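Dear colleague,

Please find below the structure that I am handing over to you. My findings follow it.

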Amino acid sequence: MAKFDIIAATGCPTGIAHTFMAKEALEKAAAERGLTIKVETHGQVGVENELTKSEITGAKAVVVAADKDVQAERFAGKPMVSVGVSKALSVEAAGKLIDRALAAKGDSTVAAAADVEDEVEEKESIGHVIYKHLMNGVSHMLVFVVAGGVLTAVSFLWGITSFDSTASDYNSFAAMLKIIGGIAMNLMVPVLSAYIAESIGKRPALVPGFVAGMIAIQGLPVNAETGMIDAGGAGVGFGFLGGIVGGFLAGYVILLLEKVFAGLPKNLDGLKAIFLYPLFSTAIVGLVMLGISGPMAAINTAMMDFLKGLSASGAVVLGLAIGCMCAFDMGGPVNKAAYVTGTAMLTEALAAGVGTDTYNFGTNFMAAVSAACIVPPLITTFAVVVGKKYFSQEDHDAGIVNLILGCTHITEGAIPFMTKNIWPVMPIMMLGSSIASILTIMFNVHDPAPHGGFLVLPVVENGPLWVLAILIGAVVGGILFVAFKKYDFEKNQKAAPVAKPVEASKAAAVEAPKAEAADFVKVENVFVAEDFASRDEALSFVSNQAVKAGIASDADAVMNAFLAREAEGTTGMMEGFAIPHAKSDAITEAAVIVVKDESGVTGWDTMDGAPVNVAIALLIPGAQAGTTHLKILSKVAEALMDEDFRATVKGSTDAAKIAKTINARLV
């Protein structure tokens with residue numbers, strides 16, 4: 001059985017793009033570090049490349065990059081980093097996660113999976129934990145929405161009222177398609193609620209989760225004549241917001257019941273699973289959901305009224321809001337909020353029936369959301385074709401692929417372009433999406449299908465105008481993107497005469513024989529008896545020493561580079577070590593400076609909360625950011641996993657011995 005240095009699990013809400021982008025980034029980052037890796041993906045088709053028990057046992061560390069439940073409890077006691085999937089979409093970001101995982105400390109004494117899961121979640125932010133549970137529900141819900149919505153939309157091909165047996169355009173096959181589509185759409189809220197609950201409380205939470213979702217659909221039944229609660233009466237549903245509330249309620253009720261019944265004898269575990277949990281959780285969740293049905297219905301109505309109010313303010317206001325939300329993070333939580341709102345309004349629209357105000361508003365809103373999601377990938381396609389010379393071959397290839405992704409309503413393909421230059425690429429994407437949304441609303445386009453991109457054009461009312469709106473948004477955004485890349489390209493060209501000799505000499509240094517690498521850390525750059533009051537004082541000392549040693553030309557620029565890196569995430573590791581690193585054009589040669597403070601530098605955020613005694617500072621010229629930087633950083637990170645290395649460096653006061661020890665690991 002093959003063994004891997006790193007194992008990983010990735011998963012995004014839709015399971016379409018982010019999941020596999022993170023997988024590719026992790027694999028490339030591991031390859032750069034000379035590490036073997038296996039990445040398990042939790043996509044829309046299920047779990048692929050599944051990790052075995054022996055592979056988990058044999059791995060050095062684990063990276064979890066997911067916004068849904070990936071059963072992290074399997075990795076009990078392994079050194080692990082757990083983040084959202086958006087934190088692993090670039091090779092550089094994925095590399096940092098691998099380095100963190102290798103530097104993390106496992107706990108082989110952890111026995112219970114539940115305890116491990118709690119421990120993992122405590123290390124995550126509360127916001128990410130909530131988002132992960134929510135997205136687990138959304139990912140399971142979306143397939144019902146897409147299947148149901150598209151089937152319902154297809155039924156309209158026989159006529160707008162072809163499902164109605166009293167209408168002149170009635171068609172029995174169309175009626176059956178609408179029935180099937182309607183059933184799938186009606187399952188949207190119960191599935192959302194159930195799988196939010198399942199993410200929190202595992203399988204026992206499915207029962208109360210489904211019940212909570214059904215109550216969210218129907219509300220509290222009341223007899224119209226008596227005004228009293230009546231199982232045969234009618235209620236006012238409170239939509240997907242109620243499903244979200246019900247899902248979290250069901251999940252945490254199960255966790256509460258687990259604590260309540262924890263004292264029961266072990267031989268009653270079967271009784272708990274099949275009788276006690278479903279009975280008590282369903283009763284508690286059901287009563288609470290019925291009790292809050294009034295306020296929740298009012299909130300749901302108020303939200304819909306607010307959106308309709310935006311529409312009353314004009315197409316520009318509503319379209320701008322939709323476009324900015326969809327393009328802000330392109331598949332992330334803000335994008336999903338806009339999309340789920342659109343599908344919820346579409347559900348109400350289809351239920352209200354063709355020709356009603358609710359139908360017209362909901363399908364127009366959905367068309368605007370779809371347009372905003374389609375535009376960003378098409379912007380990149382336009383840009384790499386028109387401004388080909390300003391893009392790398394890798395970007396050009398990705399932009400061409402984005403033509404297919406965009407046309408099928410998959411926004412995530414534009415993410416790599418944005419992450420390289422958030423400013424001004426993000427505003428450009430938001431502007432292009434907003435233009436498409438505004439024009440879609442103004443052109444009175446109606447889309448009865450919640451997904452599919454141009455594949456559902458046959459059922460889109462005013463489809464040609466919809467395509468025109470999208471193309472205008474894509475072209476405007478594409479022109480601005482090309483203008484930015486042209487400016488950036490020309491700026492770099494002007495700097496090329498100065499940068500090229502430096503870049504060439506540094507590239508030669510990277511490929512130098514191993515014998516030269518043996519002197520990479522110079523004895524005179526090891527300082528063993530320092531006393532720093534803070535992290536910033538230590539970094540300032542390193543910056544000034546770099547200038548004195550001829551490694552850098554501007555101490556302030558180096559200091560700013562150190563601080564910028566710390567702002568992205570602490571470089572403090574564990575057991576008194578830190579590996580600060582600065583990438584700057586002010587640095588003229590790659591080097592390592594080591595500082596030791598026996599009393600410890602406080603205020604440096606470390607993984608175990610301990611003060612820093614040894615800082616191994618990496619200084620990298622800007623031209624070598626993706627080469628030397630990654631190689632040195634990975635080797636230092638690997639070295640810190642070695643207990644003998646840590647003991648030697650931390651315990652020695654001999655600068656020559658410390659330099660020799662570190663150099664031996666950089667060869």
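This is a predicted model: local features need pLDDT of at least 70, side-chain atom pairs count only at pLDDT 80 or more; totals for chains, interfaces and linings use all residues.

Residues are numbered from 1 along each chain as its sequence is written, and side-chain values use heavy atoms, with hydrogens and water left out.

The average pLDDT of the chain (the predictor's confidence in each residue, from 0 to 100) is 85, and 90% of the residues score at least 70. Residues 107-122 stay under 50. Over residues 496-518 the pLDDT is also below 50.

The model contains 14 salt bridges, each being a side-chain nitrogen of Lys or Arg within 4 Å of a carboxyl oxygen of Asp or Glu. One of them joins aspartate 99 to arginine 33, with the closest N and O atoms 2.9 Å apart. Aspartate 99 belongs to helix H3 (residues 91-103) and arginine 33 to the loop between helix H1 (18-32) and strand S2 (37-43), so the pair ties together parts that are 66 residues apart in sequence. Helices (H or I, at least four residues) and strands (E, at least two) are DSSP runs, numbered from the N terminus. Both aspartate 99 and arginine 33 are buried, where buried means under 20% relative accessible area, exposed over 50% and partly exposed in between (1.4 Å probe, protein chains only).

A salt bridge also links arginine 646 and glutamate 575 (3.1 Å, N to O). Here arginine 646 is buried, at a relative accessible area of 15%, whereas glutamate 575 is partly exposed, at 34%.

Among the buried residues of H10 are Leu276, Tyr277 and Pro278. The buried residues of H10 pack against helices H8 (206-218), H9 (239-260) and H11 (293-312).

Serine 155 is found in helix H5 (residues 126-155) and is buried, with 0% relative accessibility. Its side chain reaches the backbone oxygen of threonine 152 at 2.5 Å. Leaving aside residues up to four places away in sequence, serine 155 touches Ser162, Ala174, Leu177 and Lys178, a contact being heavy atoms within 4.5 Å.

Yours sincerely

Notes
A polar contact is a pair of N or O atoms within 3.5 Å; within protein, one must be able to donate a hydrogen and the other to accept it, and residues adjacent in sequence count only if both atoms are side-chain atoms.
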